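Please have the sequence and the model at hand while reading.

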Amino acid sequence: MSQPHTGHRERLRERFLTEGLDAFPEHNILELLLFYALPQKDTNPLAHKLLDTFGTLSGVLDAAPEELARVDGVGRNTAALLSLMPALFRRYKLSGSRRDQPLDSAEKAGEYLLPLFAGLKNEVAYLVCLDAKCKPLCCRRLSEGTVNAAQIGTRKVVEMALAFNASSVI
């Protein structure tokens, strides 16, 4: 006689591969992600516990690793995987940005930079060096501050702009 959860992981993975993630409730999304941190464990109860603790999927993914580790059943691997997601999303969005597209308007610059700030809790300052056609040469984090301020040193901006032979900066 088979257990009621026999094949559950495979069914959930297959459902994702055929239907996508849009129809999944948050606990199933989290459960699917937790499969990769906890390969031999029923992840459904932990998914529910995390959602009960942090309220939403974004609340779980935005939680600090130390906060996640306070939830019974969350170890270092699980906390690391969950904490990795927002940073991975930012990099994904940035790498998908068209680097050859000129940032010649506030709207285009905002579109380009917005993914870098997703899920951050503190102020962060970035510098984008542009060529003569306003195409990005580089995008580097200058500083991270507190919840309401980040210091930017003029010298660092000038040095970076000169290093990349930038015509202008954002």
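The sections below treat the basis of the model, its cores, its sheet, its surface and its loops.

## Basis of the description

The model is predicted; local features need pLDDT of at least 70 and side-chain atom pairs count only at pLDDT 80 or more, while totals for chains, interfaces and linings use all residues. Residues are numbered from 1 along each chain as its sequence is written, and side-chain values use heavy atoms, with hydrogens and water left out.

Helices (H or I, at least four residues) and strands (E, at least two) are DSSP runs, numbered from the N terminus. Buried means under 20% relative accessible area, exposed over 50%, and partly exposed in between (1.4 Å probe, protein chains only).

## Nonpolar cores

In soluble globular proteins, nonpolar side chains tend to be buried together. A nonpolar core is here a set of buried Ala, Val, Leu, Ile, Met, Phe, Trp, Tyr and Cys residues joined through side-chain atoms within 4.5 Å. The largest such core has 25 residues, and Leu 30, Leu 50, Leu 68 and Leu 82 touch the most other members. Two or more residues each come from α2 (26-34), α3 (44-54), α4 (57-62) and α6 (76-96); α2 gives the largest share, five residues.

Beyond its neighbours within four places in sequence, Leu 68 has contacts (heavy atoms within 4.5 Å) that include Leu 50, Phe 54, Val 60 and Leu 82. Another core, of 10 residues, lies apart from the largest one; among its members are Tyr 112, Leu 116, Val 124 and Leu 130.

## The sheet

Three strands form an open antiparallel sheet in the order β2-β1-β3. Two strands pair if DSSP finds at least two bridges between them. Because β2 and β3 (168-169) stand at the edges, each with a single partner strand, one side of each is left without a neighbour in the sheet.

Strand β1 (residues 124-130) is joined to β3 by two bridges. Cys 129 stands opposite Val 169 in β3.

## Surface and loops

Leu 17, in helix α1 (residues 8-19), is exposed because its relative accessibility is 63%. Asn 148 lies in the loop between β2 (136-144) and α8 (154-163), and counts as exposed because its relative accessibility is 63%.

Most residues other than glycine have a negative phi. Cys 134, in the loop between β1 and β2, has a positive phi near 65°. Asn 165, in the loop between α8 and β3, has a positive phi near 55°.
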